[in-house]
Amino acid sequence: METIKYHIAQAISEASAKIWGEALAISAESIPDSLEYPPDTSMGDLAFPCFKLSRTLRAAPPVIANKLFAELSAKRPEGIGEVRIKGGYLNFVIDNRYLSGKIVREIIEKGANFGAHTFGNGKTVVLDYSSPNVAKPFHIGHLGTTVIGHSLKLLHEYAGYTCIGINHLGDWGTQFGKLIVAFHKWGNKETVEQGGVDALVALYVRINNEIEAEAAQGITTLADAARAEFTKLEHGDEENIALWKWFKEISLAEYEKTYKQLGITFDSYNGEAFYTDKMPEQVQVLKDKNLMRIDNGASIVDLSDYNMPPCLILKSDGSTLYPTRDIAAAVYRDRNYHFDKCIYVTSAGQSLHFAQWFKVVDLMGYDFADKLYHVPYGTVSIAGAKLATRTGNVILLRDLIANAVDKCRAIIEEKNPSLENKEETAQAVGIGAILFYYLYGNRVRDINFIMDDALDFNGNTGPYAQYTYARTSGILAKAGNFADMTSVNEMTATERELIKTLSLFPNKTKAAIDEMEPSVITRYAIDICNAFNRFYQECPIISCENEEIRDFRLTLTKCVRDILGRALELICVKHPDKI
């Protein structure tokens with residue numbers, strides 16, 4: 001579609017120069033982004049609105065449109081079969097031979113890479129996502145950062161970028177002091193080894209409850225003990241370091257199970273602790289540049305000139321905070337990866353935090369400050385219940401996945417009990433349903449997860465998209481060998497709409513990257529499914545008696561399979577050939 005837009009832009013620019021002279025000619029570069037898709041396809045396939053030209057050309061939009069129409073009707077842009085006029089709009093109908101001979105042929109030649117780009121070639125993107133807190137469960141609240149982050153990684157790779165996926169583990173902080181105290185008081189090695197991260201969570205929840213109970217009586221014994229144990233950890237106490245490493249190993253073993261189910265891998269697991277010895281350098285830079293001042297004993301950077309609260313760098317006791325660690329991590333990543341983008345995928349609740357330390361990095365004079373991007377997302381709940389690890393009110397992601405897979409397994413046993421690879425398919429559809437449901441809406445919107453909606457084969461869901469993909473695979477398998485047909489003079493309206501929908505894939509992948517918004521691809525996958533299923537209902541494929549038309553429709557089916565399959569892959573969703 002970008003090529004046809006280019007042809008239209010060149011033709012309009014040349015026509016405007018002929019009508020109004022070079023001085024008032026419309027720039028060809030400005031036209032493609034102005035082209036619209038008419039709400040009614042009977043108007044045309046693309047439309048150029050003339051309203052913005054009224055002031056410059058001192059004429060009413062319909063007058064401008066009529067003058068351009070006269071020129072473009074006599075010399076139509078390449079690939080345009082007809083030019084129409086409607087008020088202040090010029091409408092363009094793409095020629096059937098162009099749709100089949102150019103667009104379909106290009107899709108067949110490129111296959112699943114039809115939507116790929118090269119603008120990322122030679123550039124590096126660092127993506128910081130998932131990043132669970134060690135010794136806490138991987139619950140549904142972690143789903144957003146994990147799948148949005150990985151989808152953005154896949155999209156950037158599809159555009160040619162070298163991508164570094166970093167799991168910035170929450171493996172440092174006062175919670176480890178609490179956990180050490182809890183382990184000594186109520187835990188033992190055997191129980192924790194058997195219970196894994198669940199046993200650590202139970203200890204963490206218990207000590208928080210005990211600390212709250214003491215606080216209600218004005219007692220701080222456990223809280224003081226926790227702070228003391230973390231101080232020992234910070235100073236390298238061998239016993240506490242050993243316990244900390246053990247807690248981390250147990251947690252990572254559990255997280256890896258979930259990542260394997262989701263098909264997600266990382267290039268680095270360097271967490272907060274990794275940057276402990278790298279923070280003093282950045283604190284010194286802040287001091288040298290006179291950016292820090294003391295406020296009630298704490299060291300801060302005043303950001304009042306930028307309408308933000310102060311950024312805390314050091315507590316009154318000299319210990320570091322999240323901004324200190326994030327600044328040190330960003331400097332390390334710039335020095336080691338020389339990134340063109342560094343993307344942080346976290347909840348919208350951390351937006352102020354990122355805005356603050358991004359500004360501090362800018363004030364420190366680092367030239368990578370404008371390459372830092374925060375990608376926020378909304379909260380997720382189940383039946384309206386919010387999640388909190390501290391109180392134990394969590395929905396574990398492994399339990400959610402198990403529930404979805406169980407339901408899919410039951411559906412398969414009922415609908416298609418003879419299906420091969422039933423377990424693998426149940427896993428793909430169950431997990432795909434969760435991921436697709438999560439990534440369907442705009443990322444900043446809050447989500448109330450409803451399992452039955454996610455598993456609906458008739459809605460705008462993962463199972464619907466996967467079933468459509470399986471349908472294309474089934475048709476092609478049944479058809480056997482056929483000749484790719486990419487040049488026809490006549491086609492039905494549904495065939496035209498299907499090709500036009502497929503032609504948008506490069507636009508959609510670019511938009512998803514530009515907007516850092518995977519839902520662009522998720523919704524586009526549904527557009528493909530809807531267009532193909534209308535085509536499937538209205539146009540006989542294998543049963544078509546005309547061999548040329550049959551091969552053309554099989555070719556379109558092949559195009560759908562390739563593009564829909566790649567679209568699903570870009571949002572971390574698998575696509576079985578049979579369901």
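Predicted model: local features only at pLDDT ≥ 70, side-chain atom pairs only at ≥ 80, totals over all residues.
Local features require pLDDT of at least 70 and side-chain atom pairs count only at pLDDT 80 or more, while totals for chains, interfaces and linings use all residues. Residues are numbered from 1 along each chain as its sequence is written, and side-chain values use heavy atoms, without hydrogens and water.

Helices (H or I, at least four residues) and strands (E, at least two) are DSSP runs, numbered from the N terminus. Axes are lines fitted to C-alpha atoms, for helices over the stretch in contact, and angles between N-to-C directions run from 0 to 180 degrees. Helix H6 (residues 174–186) packs on helix H8 (residues 197–216) at about 100 degrees, with the axes 9 Å apart. H6 is therefore roughly perpendicular to H8 (65 to 115 degrees). Contact means heavy atoms within 4.5 Å. On the H6 side, the residues that meet H8 include Leu179, Phe183 and Trp186. Their H8 partners include Leu203, Ile207 and Ile211. The contact of H6 with H8 comprises ten nonpolar, two polar and three charged residues. Here Ala, Val, Leu, Ile, Met, Phe, Trp, Tyr, Cys and Pro count as nonpolar, Asp, Glu, Lys and Arg as charged, and the others, Gly among them, as polar.

The axes of helix H15 (residues 422–440) and helix H20 (residues 519–538) come within 8 Å and cross at roughly 110 degrees. H15 is thus roughly perpendicular to H20. Phe436, Leu439 and Tyr440 of H15 touch Ser519, Thr522, Arg523, Ala525 and Ile526 of H20. Five nonpolar, two polar and one charged residues make up the contact of H15 with H20.

Phe436 also belongs to the largest nonpolar core, which has 121 residues. A nonpolar core is a set of buried Ala, Val, Leu, Ile, Met, Phe, Trp, Tyr and Cys residues joined through side-chain atoms within 4.5 Å; buried means under 20% relative accessible area (1.4 Å probe, protein chains only). Phe436 is among the residues with the most contacts inside this core, as are Ile12, Phe48 and Leu68. Beyond four places in sequence, Leu68 touches residues including Ile12, Ile19, Phe48 and Leu90. Another core, of 30 residues, lies apart and includes Ile164 and Val331.

Helix H19 (residues 505–514) has Phe505, Pro506, Asn507, Thr509, Ala512 and Ile513 as its buried residues. The elements they pack against include helix H1 (2–20), H5 and H20. Just after H19, Met516 takes a positive phi of about 50 degrees.

His142 lies in the loop between strand S4 (124–128) and helix H5 (143–158). His142 counts as buried because its relative accessibility is 13%.

Note on methods
Parallel < 35°, antiparallel > 145°, perpendicular 65-115°, else oblique. Buried < 20%, exposed > 50% of the residue type's maximum accessible area, 1.4 Å probe, protein only.
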